[in-house]
Amino acid sequence: MRLSRLAESLGIEFEGEDREITGIGTLKGAKCDELTFLDNPKYIKELADTKAAAVLVAPRYADAVPEGSIALVDDEPYLKLAMASEIFAPVPMKREGKEPLIGEGSNVAEGVAFGKDVVIGEGVTIMPGCYIGDDVKIGDNTLIYPNVTIYHGCIVGKSCIIHAGTVIGSDGYGFAHTKEGRHVKLYQLGNVVVEDSVEIGANCAIDRGTLDSTLIKEGTKIDNLVHIAHNCEIGEHSLITGQVGLSGSTKLGRNVVMGGQSGTAGHLEIGAFATIAARGGVTKSIEGGRVYAGFPLMEHKRWLKLNALLSRLLEKKK
Amino acid sequence: MRLSRLAESLGIEFEGEDREITGIGTLKGAKCDELTFLDNPKYIKELADTKAAAVLVAPRYADAVPEGSIALVDDEPYLKLAMASEIFAPVPMKREGKEPLIGEGSNVAEGVAFGKDVVIGEGVTIMPGCYIGDDVKIGDNTLIYPNVTIYHGCIVGKSCIIHAGTVIGSDGYGFAHTKEGRHVKLYQLGNVVVEDSVEIGANCAIDRGTLDSTLIKEGTKIDNLVHIAHNCEIGEHSLITGQVGLSGSTKLGRNVVMGGQSGTAGHLEIGAFATIAARGGVTKSIEGGRVYAGFPLMEHKRWLKLNALLSRLLEKKK
Amino acid sequence: MRLSRLAESLGIEFEGEDREITGIGTLKGAKCDELTFLDNPKYIKELADTKAAAVLVAPRYADAVPEGSIALVDDEPYLKLAMASEIFAPVPMKREGKEPLIGEGSNVAEGVAFGKDVVIGEGVTIMPGCYIGDDVKIGDNTLIYPNVTIYHGCIVGKSCIIHAGTVIGSDGYGFAHTKEGRHVKLYQLGNVVVEDSVEIGANCAIDRGTLDSTLIKEGTKIDNLVHIAHNCEIGEHSLITGQVGLSGSTKLGRNVVMGGQSGTAGHLEIGAFATIAARGGVTKSIEGGRVYAGFPLMEHKRWLKLNALLSRLLEKKK
């Protein structure tokens, strides 16, 4: 879409040469024919280096848009981004494209539904009721149990196991909010990348990234009913047990252990080899190599002391 | 079914003229050819105004049944209601009825299964593996991702998005308990109504109302793995994030925000524009416009103070 | 498989007569042509009575292996068990076997997918999109809503109701860990047994036992989005409400009530007629007949006192 038409549809005037816009990217990741945005001022440093064709930006940051990029100035750049995202969202089911390419020795059950341009490796098993969306790639020897849904554009590695009912690539929970309290969908244009030897339990939900990928690294094992929000990154060989919930953009190092029903706030990092006990609620970034518990989170030893203290206080009051 | 036969099947004797009973309703909602019941004495005021043909009622409230209604007196009216509910439950799949009526420009994938008498609007997309039950109505421009199940009689509005694996209209968790500790199913005869512009994430479960509707109002956005029990009512433009659980008959005002893994007890109200922080457990009705946290729930400020206090106490003990 | 070949594939030398090994069992349950293992020393008493053909065992327990069994001595017997488990795991979909045997008066929707050697009772309803795996048995008058997955070898009793999207028999979360921090799958060779008159809500996940059965006893009612891990045993007429999570090998007596979002650690017992309030986290075995709450768990009365105490402390500090 021409930038002039895009800007018009968003109700924004701009100065500069018109050009073709092909998508949306982050400040860091946007290509020279993509739109980007600055919403959170903590990313202003990244603005200077963006290669994007145009930047949605509030008036006070308009001057910081680098030469070569065109500033699209608006009081609500995030809302305008949401409006723009709809334009670049693909249709839910492509009408044209190739039939799935299925590798040797693969066993695809009758009644599996495929989108277009799917590539399935060798020795893959896909059981009944699965949906494998447009442009999905699945690596060799992966086993997908019944009624799994993999949304368009997601990538699953080799020797993975995905249990029944799990959903990979659903939209992240992203909305811009109007002054009237309505929520405008930020179409989720990224995908999910599951590396090799990952196992995912039953009825999990793993959301696609907003603009980039949600990433599950090699060898990680995920239990049932786990919720992984958009843009999370889970390090190698991590253990994510039943009913864990990770909020958006959480980053786990390698070999992190999350106990049952534990959870995290968003935009934080958990260091490698950290263990979060069951029900632990991670509220800020934490160092690796330690054991944590409680909500708000603390070191596990401290949590034990806290419980002992409360117990003593209760006895005293009797 | 004739009232005489119904009463006989429940083992109850009654006085009065026989009549045809066509269903079950609440004290308030029952029509003049329906059965109703009084179990919780707090609803006794509604008994006086009921239009129901007959009322299941304990001996001590028998006299309060208004003229025009017939008292069906039993020591265990709720248990008898459960027994009666089975009689009025529809078959899981109607054998007769019309093929689905699908509006112009809609794109229904091969392999979508329909019940009878379904009405689909214009510009609707329904992806593979979905089941759309008997008498379901879906509004224009709604998008339903793969492997979604919509039970009979549910209504989904216009411009909604429902992500993969979500279930709408499953039975609420309603049982009457016998003296021997067995649980007799209260067949769930209501439905789910999802208004316009609602988005529901992946692998959610939204139960149908017992006798009325579970209601999700316009513009509300629901994240993944959310559990919404029977008879809940969620106000306009609310935000229900990942793994939230709402117990039965919870009522949320408009623009309520429920943080990740938060939950509510049943039969309570949350005022408009209230925010429940992550993991907050709502145990009684709360005013709108404030921020709450913790379990049991308190104002968020107080929760912060409580955590600071516990921290100080721990330091002192060292 | 011959024991000699099995041992060779695990890199273990052994003394004694070669024999055919047909599967893996627990110390107690293994038959005389099966492999077993000792990992947790608390089971050493059971070692003396095992009938297994061979026992994977650490060097320090090698002498305790009874006559008639062959010791397979290794520093990492659990890791070797995991490696062996892959050998005995069945293929995900049998290629040969009988078409499903479906009893009189059953109503199986078009598009239901069956494995081989399935047996369906009389008066059963199975709705669209379900997958019923190899060797599954389903009892009379059971109703299975759409998009349910039942893995191979599982057994569902009579008059059960299973709501949409639920998964029965997915793999338990079992891994042996290498010194390098990788996780080797312990293939889950047991099954799930659901007894009569059980109702299971929408989008639940019930894992198969590792070597034995996960067992849901008669009359138990399970709400939505519940996670039940491998080898759990749930007593008769229990009530398991929304979003509950049970860790592996948890045993509940009859008529246990688990409130919403409550959970348990693994390998513990909850006595009959115990009630766990919403959000309760059971961390060790508890007596029946009482009401518990909190995390860590305590008696409900004590939890109320604790909250009152904290409230007073907060007031004082003002």
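This is a predicted model: local features need pLDDT of at least 70, side-chain atom pairs count only at pLDDT 80 or more; totals for chains, interfaces and linings use all residues.
User: How many salt bridges does the rule find across the interface of chain B and chain A?
Analyst: Across the whole interface of chain B and chain A, the number of salt bridges found is 2.

User: Which element gives the most residues to the side of chain B that touches chain A?
Analyst: The elements of chain B that give two or more residues to this side are strand 9 (125-126), strand 23 (221-222), strand 26 (239-240) and helix 4 (300-317). With 8 residues, the largest contributor is helix 4 of chain B.

User: What area is buried between chain A and chain C?
Analyst: In this interface, 44 residues of chain A are in contact with 49 residues of chain C. A:Asn147, A:Arg279 and A:Leu314 supply 17% of the area that chain A buries there, more than any other three residues. Carbon and sulfur atoms give 61% of the total, which is about 3,500 Å².

User: Which residue of chain C meets the side chain of A:Glu199 in a salt bridge?
Analyst: Between chain A and chain C the count is 2 salt bridges. One of them joins, at 2.8 Å from N to O, the side chain of A:Glu199 to that of C:Lys185.

Conventions. Residues are numbered from 1 along each chain as its sequence is written. Chains are lettered from A and ligands numbered from 1 in the order in which they are written. Side-chain values use heavy atoms; hydrogens and water are left out. Contact means heavy atoms within 4.5 Å. Buried area is the accessible area (1.4 Å probe) that two parts lose on being put together, summed over both. A salt bridge is a side-chain nitrogen of Lys or Arg within 4 Å of a carboxyl oxygen of Asp or Glu. Helices (H or I, at least four residues) and strands (E, at least two) are DSSP runs, numbered from the N terminus.
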